[in-house]
Structure formats: C-alpha cells, structure tokens
Amino acid sequence: MSQAHLFAIGVLLAWLAGIRVYLTVFGVGIAGYFGWLHLPEALQVTQSPWVLGVSGALALAEFFADKIPGVDSGWDLLHTLLRIPAGAFLAAAAFSPDGQLSAGMLATGAGAALASHALKTGTRALLNTSPEPVSNWTASATEDVTTLGALALAFAHPWLALALVVAISVAFALFVWWLWRALFRRKPRSVKQIA
C-alpha cells in the first residue's frame, strides 16, 4: 500500500475511534487475527486474544449503553479520556510499517478522534433534550452501521471510506441541529407599544 493509502486508513481509524473505539479496535483485530488483512507491525497488538476479548466485551457494553438516553452522554464523557489517545495510536500504528510511531501521525490521529468525538458528543447531547428515545436509538444505530461499514471498506477503499464517514457524520450533525432548531425554536416576543 502507498503512504497516501496508509495515511487515509490511519485518519479513518482515528475518526472511527472517536465514535466507537472498542468496535474499531475489535474490527481491526478480527481482520488481522483471521488473516483477512496484513496489519502493520504496530497494529498487530489488536489481534491478541486478550485485546480481542476485552475490546469485544466492551464493544457489546457500549452497544447497549449507547442506546439509553442520558447514559450515552455519561459514557461519552467518561470515554473522552480513552477515545483521543486510542485514535492517536491507531492512526500512527496504521502509518508505521516498522512499528515506530511518528509524532505527526499521533497528533493527526488525536485531532481526528477529537473532532469526531466532539461531533458525536455534541450531537448526542442535543438529542438528549428530546423527550422520546427513538432519536437516540436512531443515532446509535447509525453510528454502529457507519463504523462497521467503514471498517469493511477501510483497507480496500480507504479514501472512499474516509469521505463517506466524514460526510455521514457532518450530515447527521446538521440534521440534528436543524431538527433541534425546528422543535425548540422560540417565538419572538411581541413588543408592547407604549401609548
């Protein structure tokens, strides 16, 4: 693979880690464990049975926690401390053929993970103002499907996968913003005339 493809894969993995860190690590590890992909040396740690077991169990826990309004925001807040460094590692590890992690890719991965995490957390905070749970379930299912789909595309078509993930994330955030404004728009106060 070319350096440009590795860069796109690294940024994509970091972006996905900002949304679903455990599912991302589990997906990369499964692909390496079964030999579907040849992982760079630094990413081979994800195919360890211990990493697969822990990330798989936590991905399952996140799947359910993310569907409960309020719990999802607490989960996101707690995982701010994990998603950004995990995204930085995944980006640098994907771009490193010899196992050496570059500072530039660590910073790029941290930035991508922070951006997607902030977008996800902000969107979910807006959705939690809605009294019905359907919007949370829809958002969570969209995140699950997007992460799985992007992981499936990541190594075959990394630029396409990266473009799709960013476009879906931004489109969903714009939709939620529009919906929030439509539902909670305040009517302007009428000015009383002084006679």
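**Figure 1. The largest cavity holds about 180 Å³ of space.** Welcome to the inside of this predicted model. When the whole structure is searched, one cavity of 30 Å³ or more turns up. Its lining is made of 16 residues, and those nearest the centre of the cavity are Ile19, Lys120, Glu143, Ser169 and Phe172. Which helices supply at least two residues each to this lining? They are H1, H5, H6 and H7. H6 provides the largest share, with five residues.

**Figure 2. The largest nonpolar core brings together 35 residues.** Look here for Leu12, Leu13, Leu16, Val28, Leu43, Leu90 and Val165, the residues with the most contacts inside the core. Seen by element, two or more core residues come from each of helix H1 (3-19), helix H2 (21-33), helix H3 (49-65), helix H4 (71-94), helix H5 (103-127), helix H6 (134-154) and helix H7 (158-184). The biggest contributor is H1, which gives nine residues. As background, nonpolar side chains in soluble globular proteins tend to be buried together.

**Figure 3. A close look at Leu90 and its contacts.** Leu90 is one of the residues with the most contacts inside the largest nonpolar core. Which residues does Leu90 touch once its neighbours within four places in sequence are set aside? Gly10, Leu13, Ala17, Thr24, Val25 and Leu43 are in contact with Leu90. Leu13 and Leu43 are also listed among the residues with the most contacts in that core.

**Figure 4. Tyr33, Phe34 and Trp36 are linked by ring pairs into a cluster.** The count for the model comes to four aromatic pairs. One of them joins Tyr33 and Phe34, whose ring centres are 5.3 Å apart with 90° between the planes, an edge-to-face arrangement. Are these two residues buried or exposed? Tyr33 is partly exposed, with a relative accessible area of 48%, while Phe34 counts as exposed at 51%. The cut-off for exposed is over 50%, so these two residues fall into separate classes.

Figure 5. Phe63 is partly exposed at 35% relative accessibility, and Phe64 is exposed at 52%.

Terms used
Residues are numbered from 1 along each chain as its sequence is written. This is a predicted model: local features need pLDDT of at least 70, side-chain atom pairs count only at pLDDT 80 or more; totals for chains, interfaces and linings use all residues. Side-chain values use heavy atoms; hydrogens and water are left out. Rings of Phe, Tyr and Trp (its six-membered ring) pair if their centres lie within 6.5 Å; planes under 30 degrees apart count as stacked, over 60 as edge-to-face and the rest as tilted. Buried means under 20% relative accessible area, exposed over 50%, partly exposed in between (1.4 Å probe, protein chains only). A nonpolar core is a set of buried Ala, Val, Leu, Ile, Met, Phe, Trp, Tyr and Cys residues joined through side-chain atoms within 4.5 Å. Helices (H or I, at least four residues) and strands (E, at least two) are DSSP runs, numbered from the N terminus. Contact means heavy atoms within 4.5 Å. On a 1 Å grid over the protein atoms alone, a cavity is a set of points where a 1.4 Å probe fits but cannot get out, and a pocket is an open set with protein on both sides within 12 Å along at least five of seven lines; lining residues have an atom within 4 Å of a point. Grid points are joined across faces, edges and corners, and a volume is the space filled by probe spheres set on the points.
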